[in-house]
Amino acid sequence: MGMGGARAPALALALLLACAHVALVAAQDTERIEGSAGDVLEDDPVGRLKVYVYELPTKYNKKMVAKDSRCLSHMFAAEIFMHRFLLSSAIRTLNPEEADWFYTPVYTTCDLTPWGHPLPFKSPRIMRSAIQFISKRWPYWNRTEGADHFFVVPHDFGACFHYQEEKAIERGVLPLLRRATLVQTFGQKDHVCLKEGSITIPPYAPPQKMKTHLVPPETPRSIFVYFRGLFYDTANDPEGGYYARGARASVWENFKNNPLFDISTDHPPTYYEDMQRAVFCLCPLGWAPWSPRLVEAVVFGCIPVIIADDIVLPFADAIPWEEIGVFVAEDDVPKLDTILTSIPMEVILRKQRLLANPSMKQAMLFPQPAQPGDAFHQILNGLARKLPHGKDVFLKPGQKVLNWTKGPRGDLKPW
């Protein structure tokens, strides 16, 4: 439980002063990521693979953005920017015969509510329609049934296309995508919605917007633990027990009055600045295990406190999450204060030095134009490491693996 009594304010003040000193020291130093993770982070995919980009009717992509420009700024916008990046990338080939990978630019997260939240309900129909289109006009899908194709599916639960876990599990990965490589924000070990071989990516956070909120590096980190966001999602979870598997509710109930914890549902205009003044930033699961706070914490040098059991983190072979973050089991949330105050100062310092490494921040972002080592390049690195394709990728003449008629009836309607 949270600390109580007269000791709490005094201890809080001592910790905050100590943390302010830590930030001043850490701001002047960075640390290179050693070993294979550092090498992967700095890999250059150019010359190691070629990607053919299918040309689809604009109803599958550009027309959607023209209809609702909010698609460009929500946390699933990676699918749009990946398309734009590939069109001008050095790894793009105009000759499909020499391609290692095929990319279908379909924006399945661009159907938004009036409040700007992506609705996944049309996504299976859009995806089926796009695959039908490429399979009729080019021979490449049919010879592998998608095994040398990749798709960006950045929904809460990837290609299960539902934002509630129970429903997502019930649906499973869209049958037509079961041979393809999925590039998705969702990642949870041993979960039906995480297909083996998927590439887990960070959610989209607007790089330019974040850049405009940078504070001077010597700014003291005077907040010990910071979080802004929902604790209860009463709109979608009226009983209040299912959202975030109760972890966020537990944070609020245990620490709302704890002076070490700056937590609230308010989203202030100084949100980005506040993260840069914090030592620890809570990154609890929501409906899905991942959170945009992961990106924000890394970019702003705030140690991410990851509360999401069995999460598969973005670019885990390139970013040493165990070394830069703190992992807290969902059941241990009531002990968060003890866990965080027990971390030795030299451990905090090292995590801050690693977080100050510019290449790690870059790997979490989708900048326009693209920059070396950014999230686009990390995706390409992931695809390059899957080459060369094995012989079992190609089907024998007349062989079929995927079932085009499988899935809920609504998914089978034309789009």
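Glu145 is placed in the loop between helix H6 (140-144) and strand E3, where helices (H or I, at least four residues) and strands (E, at least two) are DSSP runs numbered from the N terminus. Although Glu145 is not a glycine, its phi is positive, at about 50°.

This is a predicted model, in which local features need pLDDT of at least 70 and side-chain atom pairs count only at pLDDT 80 or more, while totals for chains, interfaces and linings use all residues. Residues are numbered from 1 along each chain as its sequence is written, and side-chain values use heavy atoms, with hydrogens and water left out.

Strand E3 belongs to an open sheet of five strands with the order E1-E2-E3-E4-E5 and parallel pairing, two strands being paired if DSSP finds at least two bridges between them. At the edges are strand E1 (51-53) and strand E5 (199-200), each of which pairs on one side only. Within this sheet, strand E3 (residues 149-152) and strand E4 (residues 181-184) run parallel and are joined by three bridges, and Phe151 stands opposite Leu182 in E4.

Another open sheet has five strands in the order E7-E6-E8-E9-E10, again with parallel pairing. Strand E7 (261-264) and strand E10 (326-327) stand at its edges with a single partner strand each, so one side of each is left without a neighbour in the sheet. Strand E6 (residues 223-228) pairs with strand E8 (residues 278-284) in the parallel sense over three bridges, and Val225 stands opposite Phe280 in E8. Helix H9 (residues 247-255) packs on this sheet, touching E6, E7, E8 and strand E9 (303-307), and its direction makes about 125° with that of E7; contact here means heavy atoms within 4.5 Å. Helix H14 (residues 345-355) also packs on the sheet, where it touches E8, E9 and E10, and its direction makes about 105° with that of E9.

## A crossing of two helices

Helix H4 (residues 78-87) and helix H16 (residues 375-384) have axes that come within 11 Å and cross at roughly 80°; axes are lines fitted to C-alpha atoms, for helices over the stretch in contact, and angles run from 0 to 180 degrees between N-to-C directions. That makes H4 roughly perpendicular to H16, a label that covers 65 to 115 degrees, whereas angles under 35 degrees count as roughly parallel, over 145 as roughly antiparallel and the rest as oblique.

From H4 the contact is made by Phe81, Met82, Phe85 and Leu86, and from H16 by Phe376, His377, Ile379 and Leu380. These residues divide into seven nonpolar, one polar and no charged (Ala, Val, Leu, Ile, Met, Phe, Trp, Tyr, Cys and Pro count as nonpolar, Asp, Glu, Lys and Arg as charged, and the others, Gly among them, as polar).

A cis peptide bond with omega of about 0° joins Gln368 and Pro369, and Pro369 is found in the loop between helix H15 (358-363) and H16. The peptide bond from Leu387 to Pro388 is also cis, with omega near -5°, and Pro388 is found in the segment after H16.
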